[in-house]
Amino acid sequence: MSEHEQFSAVTEAGALSGWVDGEGPPALLLHGGPGLGYEYMDPVVDELRTDFRVATFQQRGLGPSTLQGPFTITQAIDDILSVLDALDWDRALLVGHSWGAHLALRFTAAHPDRLLAMLAIEPIGIVGDGGRGPFQTELLARVPQDTRKRLDELRAREEAQEATPEETLEAMGITWPFYFADPDTAPPMPSKRFSNEVFAGLAGEMAIDTGAVAAALAATRVRYRVLVGGASPIPWGQAARPSADLSPQAAVTVVPAAGHFVWLEAPGRVRAAALNLLGHEASS
């Protein structure tokens, strides 16, 4: 990421650290995980900063933000409000990836008055299981048999809540290439940080209250776009499409030759989708 300004959002449960850069309409990024560090989305900041005043922050549970919980969806939504208030942004474009896109869908349902629009990149959806089951099945099917044994061991430790952060990152490293359209040309996995405690708390709540969230999205007037990679292990027909079909204000854009990290395989598509949501065209 280029040079940026730091900010802090104070909450009743600790402070959140963030960064803001660029000029233009306000855009707030939500990283995936849950429990990951924000850094892997630095290229998205760089892509958007030419057209937006773009902010990102580390979600609670990893430094430099507070390590304090609670690690609940209610708190995660309140944290977004605290960040918007700290930035003095009445409304903003909300851009989320993966878990962050799921959170963005929930925030849109809960606080539409704080949004200009919303862009969900490769979300776990709101309808049904959000595509979580088929996603795990497809991702595992892509991993070669010679590395499956170790991955199965690591996954078993994760399910038993016995895995260390290092073991979780090892499992991510095994699966990383298979999030891409072409695993053989996947870039190296960026340095990542992870909190098992955050993941356990938030992942365990992703299936709650989805009916109420879906009903609120069906009634919202907020424009939102779901941007997906056609070659992602997350099946967009079971994750993204049902979430977009809830609202006449929503649409799905599929990037055929991209996987889960759309901006790495199709540079410029996130920027173009964000500009389109606000009624602008992307220049070359």
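Two strands pair if DSSP finds at least two bridges between them. With that in hand, I opened this predicted model and went to its sheet.

**Entry: the sheet.** I found an open sheet of 8 strands in the order β1-β2-β4-β3-β5-β6-β7-β8, and its pairing is mixed. I looked for the edges: β1 (5-11) and β8 (250-255) each pair on one side only. On average, neighbouring strands are turned by 20 degrees against each other, direction ignored.

Entry: I picked β3 (residues 26-30) and β4 (residues 53-57), which run parallel and are joined by 4 bridges. I also checked Leu 29, and its bridge partner in β4 is Thr 56.

**Entry: helices on the sheet.** I saw that α2 packs on the sheet and touches β1, β2 (14-21), β3, β4 and β5 (92-97). The direction of α2 makes about 130 degrees with that of β1. Helix α11 (residues 269-277) lies across β5, β6 (115-121), β7 (224-229) and β8, and runs at about 150 degrees to β6.

**Entry: a closer look at α2.** Is α2 largely enclosed or open? I got my reply from the burial values: 11 of its 15 residues are buried, so α2 is largely enclosed by the rest of the structure. Among the buried ones I noted Ile 73, Asp 79 and Leu 87. Just after α2, Asp 88 takes a positive phi of about 60 degrees.

**Entry: its partner α3.** I noted that α2 and α3 (residues 99-110) pack at about 80 degrees, with axes 10 Å apart. They are therefore roughly perpendicular to each other. The contact residues include Ile 77 and Leu 81 of α2, and Trp 99 and Phe 107 of α3. I read the contact as 9 nonpolar residues, no polar and 1 charged.

Technical notes
Residues are numbered from 1 along each chain as its sequence is written. This is a predicted model: local features need pLDDT of at least 70, side-chain atom pairs count only at pLDDT 80 or more; totals for chains, interfaces and linings use all residues. Side-chain values use heavy atoms; hydrogens and water are left out. Buried means under 20% relative accessible area, exposed over 50%, partly exposed in between (1.4 Å probe, protein chains only). Helices (H or I, at least four residues) and strands (E, at least two) are DSSP runs, numbered from the N terminus. Axes are lines fitted to C-alpha atoms, for helices over the stretch in contact, and angles run from 0 to 180 degrees between N-to-C directions. Angles under 35 degrees count as roughly parallel, over 145 as roughly antiparallel, 65 to 115 as roughly perpendicular and the rest as oblique. Contact means heavy atoms within 4.5 Å. Ala, Val, Leu, Ile, Met, Phe, Trp, Tyr, Cys and Pro count as nonpolar, Asp, Glu, Lys and Arg as charged, and the others, Gly among them, as polar.
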